[in-house]
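Me: Hi! Could you go through this one with me?

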Amino acid sequence: MYAFKYAKAKSVADAATSIAADPDAKLLAGGQSLIAAMKLRLSQPSALVDLGNIADLRYTRIEGDTLVVGAMSTHAFVAACADVRKAIPALAALAGDIGDRQVRNMGTIGGSIATNDPAADYPAGCVGLGATIITTKRKIAADDFFGSMYETALEPGEIITAVSFPIPKRAAYIKFKNQASRFALVGVFVAETPAGVRVAVTGAGPGVFRVAEMEKALSAKFAPESVANIKVPADNLNADLHAQADYRAHLVTVMAKRAVAKASE
Amino acid sequence: MSHDDFHGRLEDDRMVTGSGTYSLDWDFPQAAHAWFLRADRAHAQIVSIDASAALAHPGVIAVLTGEDLQAAGFKSLPVLTIPTRPDAMKPLLPFRPCLATGKVRMAGEAVVCVIAETQQIAMDATELVSVEYKELPPVVDALDALKPGAPQVHADVPGNLYWDYDDGDQAGTDALFAKAATIVKHDLYNHRVIGNPMEPRCCISEYDAAKEQYFLYSPTQGPRIQAAMVAKVLGVPTDKVDVVAKDTGGGFGIRSAVYPEYCVTLLASKKLGRPVCWNGSRSESFLTDNQARDFICHGELALDDKGKFLSMRFYMVANNGAYLAPTGLLSQTRSVTSCITGVYDVPVAHARIKLVATNTAQVAAYRGAGRPIMSTMLECLVERAAIDLDMDPVEIRRNNLIRKDQFPYAMTNGTTYDCGDFEAVLDDALAAADWKGFEQRRAESAKRGKLRGRALSTYIESTAAGGIPDEAQLRFEADGTLSLFASSHSHGQGHETSFAQVVSRVLGLPMKTIKLRTGEAGMRVGGGGTGGSRSMVSFGSSFFLGAQEVVKKGKELAAKELEAAPADITFDHGEFSIAGTDRRISLQNLIQKHQGTHPHPLDSSSANKYGMTYPNGAHIAEVEIDPETGVTDIISYIAVDDIGNVITHALVEGQMQGGLTQGAGQIFGEHAIYDRESGQLLTGSFMDYPMPRAVLVEGLQIIDHPVPTALNPLGAKGVGEAGCTGALPTLSNAILDALRPVGVKHFDMPATPQRVWQAIQEAKAGRPSAMLSYTLEYA
Ligand SMILES: Cc1cc2nc3c(=O)[nH]c(=O)nc-3n(C[C@H](O)[C@H](O)[C@H](O)COP(=O)(O)OP(=O)(O)OC[C@H]3O[C@@H](n4cnc5c(N)ncnc54)[C@H](O)[C@@H]3O)c2cc1C
């Protein structure tokens with residue numbers, strides 16, 4: 001770690017002011033990505049603006065036909081929350097299977113999607129459900145929010161305050177874990193939403209992506225066999241120590257099939 | 001012996017409440033902090049080092065380079081165990097400096113040490129040191145390194161060959177092969193792994209100028225043996241070094257060694273006149289701890305026309321890395337070949353192992369230390385024979401086992417097995433595993449779309465090797481407790497409990513009053529450390545004999561008290577009495593009578609060498625593969641082991657569990673991978689290096705089948721590594737058994753989901769041996 005300044009923000013507005021004042025400062029949520037990078041000296045913020053004390057960023061609530069999750073809601077909180085378990089059990093399950101207990105007790109939804117790790121789970125949940133990311137400046141559709149690895153639509157100083165999820169008719173997330181990191185080697189989120197069927201894939205490519213062909217087939221018939229023979233091209237997928245691109249492509253189909261089966265239970 | 005005196009481990013309260021004392025828990029508020037600049041490349045000439053900016057950085061106290069160590073008279077890091085060969089060439093032992101001089105030979109090699117007021121400052125200043133390198137091409141693969149024209153790791157190791165090791169009877173073996181009806185050949189790669197104890201490598205080093213004494217607070221498996229290694233580097237007598245440790249957070253063999261940082265910080269402490277602390281990171285442990293395995297193996301089995309084994313021969317190429325590790329070459333040579341033909345009645349065999357230099361971390365002893373190399377080779381070869389010759393995998397083994405009446409069983413490589421009952425062990429395993437019911441279970445798995453596989457493997461290993469007498473001291477303290485002293489340091493095994501138990505059973509004293517002390521400053525007891533599954537066999541035996549010595553001395557004291565002749569005194573359940581009378585005095589009473597006198601008249605010690613023991617077993621695993629994803633689960637694992645007399649089943653079970661889990665860890669994913677172009681370690685963190693998890697071995701059943709050895713008074717055989725030695729072949733064979741029906745002929749570990757899935761795809765595409773990493777020819 002390098003030396004840095006530290007301040008606890010009292011409110012979102014306070015955080016926005018502090019972060020705007022110093023271009024090298026960073027927001028601190030659960031620290032589960034940021035602190036680890038700092039410890040390895042891969043990240044060198046001049047200052048940390050801690051969002052941890054802002055109580056009104058930690059909530060979930062049902063607003064009409066959407067579920068809104070405050071940015072500082074930890075994974076453990078989302079996993080245990082009765083509203084979430086009832087409205088979108090797939091999202092509660094997703095949060096409950098992130099990392100380990102310590103990570104879930106610290107890591108937050110805002111931090112996770114701001115990081116946009118290409119193997120993170122929440123990006124699949126957000127895109128799969130057609131969520132809207134609410135920030136201090138605007139509302140951004142999940143489809144437009146996530147870029148290629150570690151890139152998002154966030155502008156400097158912009159703070160995520162909440163994520164709004166349309167409540168789907170049914171949904172499921174199946175994650176094939178990287179043996180070492182337990183992040184998603186391939187994770188597929190499938191949902192039948194008011195706006196149609198969505199299939200979002202994380203871990204396989206440089207960022208979360210949708211599979212239009214699967215969405216079409218599932219719109220016609222929401223059943224595992226509809227996707228069983230749909231293969232995504234391996235060309236643009238990740239290839240690394242843990243999985244080659246053809247294996248990842250194959251797993252997309254298998255996980256999609258299993259997610260549809262689970263959503264249909 | 002009874003087992004009802006086990007009520008949990010004495011050390012556990014401390015461990016589970018977080019009040020253990022690990023190396024950096026020792027309190028040295030005045031310590032300076034060291035940080036190391038490490039080679040960012042695998043192979044390069046050091047052109048120049050400029051540390052001026054670092055030295056000028058506020059808070060920096062000193063910077064040390066290889067030249068400073070040379071000036072201080074530092075010797076090479078030692079290479080301790082080198083088996084003697086009568087005729088073969090001797091190993092080449094290139095100089096291994098504590099800080100690279102002239103050249104860096106592996107990524108992560110320490111080049112410069114910066115010492116500052118805080119760790120933070122030391123880290124900052126390390127970034128200010130500039131090293132100019134002249135890049136050299138690295139070689140990371142052992143077969144690449146042996147090719148003509150390969151980059152040379154050491155100028156004085158021509159062709160990168162440290163040693164062409166040879167064991168057994170080559171002429172005799174060749175003669176038997178000439179008579180064979182069939183010769184079965186098999187290749188496999190036992191890939192490289194990294195040990196990963198929970199406590200990363202670290203130390204606090206202190207030099208006491210008044211006493212001219214070096215104190216090293218570091219994780220250790222044997223404080224005195226480690227002190228001896230440190231002393232060799234510093235060029236001082238062993239007595240001038242104390243390795244101090246209370247709790248050690250895991251070791252697996254890799255915490256036995258001296259490491260460069262220990263010696264550099266000791267010198268720094270001497271120069272600065274204050275203690276120096278090095279808080280090594282996990283990344284540094286990954287890069288520069290002794291690594292393990294990395295053997296390319298080829299085996300051949302000669303059979304007659306009835307399926308009887310005639311002989312075996314092996315050729316192996318061991319990637320030993322950029323240096324030879326201080327723990328020595330035993331694990332790379334004789335430990336591999338000592339049980340050269342396993343539990344089989346094959347006295348004549350031959351093995352050749354080439355130890356090769358590459359630009360990777362040094363490879364040395366790690367749980368099993370060479371024995372899993374041979375057990376895996378051997379049992380995969382026997383399994384291959386059963387398949388190729390269409391023989392039953394149980395019968396081919398049973399028909400070739402050494403029979404109970406053949407002991408002592410001598411082989412031409414110099415090994416003699418003292419005892420065993422291999423067939424009974426095998427039968428126990430078959431019975432526990434419901435061997436005959438397998439086809440039904442396989443069919444049931446198939447219904448669920450799963451591939452089920454099952455395999456039986458045997459193993460035998462040489463344990464408890466030791467060159468010097470292992471000493472146990474028993475001292476009665478003024479506070480009424482009994483201190484046990486030994487240089488065998490627990491790094492998780494539970495020595496405090498098991499040695500106390502051995503002594504308590506002899507003396508009838510309560511466990512809680514017996515305290516094991518192994519890593520104290522000033523302690524001088526002889527013997528090796530913990531390693532090679534030797535602690536119970538050797539130190540346990542010495543404590544047993546030492547406790548009997550107490551009884552003997554007690555009889556003399558009691559005789560005086562009871563006014564009788566010592567010969568008439570008997571000892572039972574903690575009481576001395578005159579045979580046939582009710583006149584008695586308790587040991588406790590005798591202890592108290594002399595409490596506070598030093599030495600206490602009952603103080604005793606024992607130091608002995610004990611013979612190697614040969615634990616063995618038969619393991620049966622059933623696995624299930626999801627062919628859609630390549631995920632493999634262990635459904636059941638039966639381990640029947642003869643580890644001689646069992647002193648405490650719970651602790652034995654712990655060791656077996658740990659060993660099996662570590663074996664399973666390697667089989668299912670642990671893998672140190674170096675980039676062939678750059679020589680960089682690609683799996684240098686837990687993000688990329690998968691550790692085994694508890695669920696891996698859920699269906700574990702551990703069954704004791706003791707055949708006591710007469711080679712030590714406890715009748716015990718080593719248990720610490722047996723699980724690992726058995727698990728590698730058993731799981732390898734079970735996985736291939738599951739994959740064979742879909743056409744896979746060869747499968748080199750690790751069985752990661754990707755590799756298992758790929759094996760199935762390759763087999764479908766007509767490439768049944770695609771997952772074979774290397775092939776060698778016996779020569
Ligand atoms: C061992 C381990 C295992 C893990 N396993 C998984 C896994 O299986 N799946 C998975 O998805 N993730 C996993 N993670 C990551 C985890 O989910 C983190 O919680 C997440 O990536 C970051 O969230 P955080 O709250 O900790 O953010 P921090 O680390 O505090 O911040 C991360 C980044 O987000 C920025 N940021 C934080 N909050 C906001 C905000 N409200 N608005 C704008 N920017 C913000 C920060 O400035 C920083 O750049 C794992 C992490 C660890 C350490």
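Me: Thanks. At what angle do helix α11 and helix α19 of chain B pack?

Reply: They pack at about 30°, with axes 8 Å apart, α11 being residues 371-388 and α19 residues 722-739. Axes are lines fitted to C-alpha atoms over the stretch in contact, and angles run from 0 to 180 degrees between N-to-C directions. This is a predicted model: local features need pLDDT of at least 70, side-chain atom pairs count only at pLDDT 80 or more, and totals for chains, interfaces and linings use all residues. Residues are numbered from 1 along each chain as its sequence is written, chains are lettered from A and ligands numbered from 1 in the order written, and side-chain values use heavy atoms, without hydrogens and water.

Me: Parallel or oblique, then?

Reply: α11(B) and α19(B) are therefore roughly parallel, a label for angles under 35 degrees.

Me: And how do α18(B) and α19(B) cross?

Reply: Their axes come within 7 Å and cross at roughly 40°. That makes α18(B) oblique to α19(B).

Me: Switching to the ligand, which residues come nearest?

Reply: L27(A), G31(A), Q32(A), S33(A) and T108(A), out of 31 residues around the ligand; "around" means a heavy atom within 4 Å.

Me: What about S112(A)?

Reply: There a polar backbone atom is 3.4 Å from an oxygen atom of the ligand.

Technical notes. Helix = DSSP H or I, 4+ residues; strand = E, 2+ residues; numbered from the N terminus. Parallel < 35°, antiparallel > 145°, perpendicular 65-115°, else oblique. Polar contact = N/O pair within 3.5 Å; in protein donor to acceptor, adjacent residues only side chain to side chain.
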